[in-house]
Amino acid sequence: MPETQSPAPIQTRKRRDLTRFLLVIGLLLLFNFLGQQFFFRLDLTEEKRYTMAEATKELLQKLPQPVTVTVYLDGDFPPSFRRLQQAVRETLNEMQVYGGQNLHYVFIDPSAAGTEQARNAYYATLLKKGLRPTNLGANENGKRVEKIIFPWATVSAGGKEQQVLLLRGNQAAPADVRLNQSIEGLEYEMASAIRRVVPGQRKRIGVVEGHGELSNAEAGDLIGSLSQFYDVFRVNLAQTRPQDLRTLSALVVAKPAGTFSEPEKFKLDQFVTHGGNALFFVDAMRVNLDSASRGGMLSFPIQTNLDDLLFKYGVRVNPDLLLDLNSGVIPLVTGMMGNKPKVEPMPWQFYPLINNFSQHPITRNLDAVYTKFVSSIDTVKAVGIRKTPLLFTSRYTRVLPSPVPVNLNDARLEPNRQLYTSQFKPVGYLLEGQFRSLYANRAEPGTARFQPATSPQDRPAKVLVLSDGDFVRNDVDPKTGRPLRLGFDRLAATEFANRELVLNAVDYMLDESNLISVRSKHITLRPLDKLRVAEERRQWQLLNLVAPLVLLGVFGAVRAWRRKRRYARF
């Protein structure tokens, strides 16, 4: 005869279960209360890919007005590109946590219009905003898929709008690597655009003139690009008082062809030693293309009188020219078509394409840049100055010391690869630290005032030196006279990253929040074996479908067996 359980143990078990239930509910309420009082997020990824930088958090938490981000990446994409789409959404979700009610975002599919006419009209609207489409191609299940996409986002606030290109990185890299580089830069690109549309105090930048520097048309895109975020002025050092220079945060010296006087150089020196930042885009050698096209010329060093100043700061721009097999092109007449000359682009080794960069935030994940008649740079001893090389030529480089023969007709000849034995010559340096004055323990030029070794006004500064004055010179449209975008090469129909590098350098120098350090974010690429995926696809699909059902069945059987064994005696 089966035993009967007394009412006392049954009542005890009920009270115990009820106590456990109430305890669980109480703990859930307590955790919910603590979660509302103390905000925290856990990022368990190895690279901390979901962790916002402190500079980004501070920017978002202090937004003075609502900011709207419109992303044109909605829709169905191939798996490889869907990763970028998801990364954009995750980045904005994380930003919204810190931006709160002042940050809104929306995803739009530009191809979602019901008719082709409406879709083309919307495409035209985006093109007017400067959003250039990309023809996306991918292989899906052995089929080639083509789709027009707009890898852009628009950040707007208070009537101001900033366009953000989401697909960046090195175009020479494989597609998956470039997508990964784009994902690494998402936080910086978004945060930088937000910073530019919200109101704030604009810093002042001076562009030096008076020594044959680039004209307003030749530096039009540089000045226009900087003017979007800073107040930019032309500065004549001979006519500017030192106290007026102190109101500037940076000076740009762009391709000087003449000589700096000693009083002008003294003002420049005092600006840097007292904490002003400077960007030098200087040529070491003088080249006249008109002479080079008419039988050739000899290139000699340019006398700008800046060599000793840069030497004191820690670098020497050498009087040589670098030739690189990885180069741009020049137009040359190669024959006649009827009664008209036939013009073709020919490789010109004096125009190196730089695609080797350091991992510094200024140049990380940067696309190739275009240089013309660039020289090598060496470093010299400068106490307390940190020297970071930023740009390097390729492994197939040739160094020609002064004087250098330059003849455009040499582009018709096949280069002798055995002569290109130099490798990775640095052509750009970033200098950081407390610079010592060139005029320390000397009299100020033109006066008897003695300059001490140190001054109470001395402050740390940053100096960028790039041995190519043409790096910041844009082409000018011959029909309209308007400047083209900096870095755009009409012959190759390609836009290089010169403009981006300069803006990154200025941001690095002038952004006190150090937001550009976000560009150092690294996400490890862990690609799958595509061949193995294709071969084992079916078995992995079956495993994913069957294994959960089997585990669920095993769990149910074990649980039923335990209950039967536990309660069988009742």
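**Close-up 1. Lining of the largest cavity, which divides into 3 nonpolar, 5 polar and 6 charged residues.** In this predicted model, the largest cavity has a volume of about 120 Å³, and of the 14 residues that line it, the closest to its centre are Arg168, Gln181, Gly185, Glu189 and Arg519. A search of the whole structure finds 2 cavities of 30 Å³ or more.

**Close-up 2. Helices H5 and H6 at the largest cavity.** Helix H5, which spans residues 175–184, and helix H6, which spans residues 186–197, each supply at least two residues of the lining of the largest cavity. Of the elements that contribute, H5 gives the most to this lining, with 3 residues.

**Close-up 3. The second largest cavity, with about 40 Å³ of space.** The lining of the second largest cavity is made up of Tyr72, Asp74, Phe77, Asp109, Pro110, Ser111, Lys147, Ile148, Ile149 and Phe150. Sorted by class, these lining residues comprise 6 nonpolar, 1 polar and 3 charged, whereas the lining of the largest cavity holds 3 nonpolar, 5 polar and 6 charged residues.

**Close-up 4. A nonpolar patch on the surface, formed by residues that include Leu18 and Phe21.** Leu18, Phe21, Leu22, Val24, Ile25, Leu28 and Leu29 form this patch, and together they have about 700 Å² of accessible area. One of the patch residues, Leu18, lies in helix H1, which covers residues 7–37.

Technical notes: Residues numbered from 1 in each chain as written. Predicted model: local features only at pLDDT ≥ 70, side-chain atom pairs only at ≥ 80, totals over all residues. Heavy atoms only, no water. Patch = residues over 30% accessible without salt bridge, like charges linked within 9 Å, V, L, I, M, F, W, Y side chains within 5 Å. Areas by Shrake-Rupley, 256 points an atom, 1.4 Å probe, with all protein chains shown as cover. Salt bridge = Lys/Arg side-chain N within 4 Å of Asp/Glu carboxyl O. Helix = DSSP H or I, 4+ residues; strand = E, 2+ residues; numbered from the N terminus. 1 Å grid on protein atoms, 1.4 Å probe; cavity = no way out; pocket = protein on both sides within 12 Å on 5 of 7 lines; lining within 4 Å. Points joined across faces, edges and corners; volume = space filled by probe spheres on them. Nonpolar A, V, L, I, M, F, W, Y, C, P; charged D, E, K, R; others polar.
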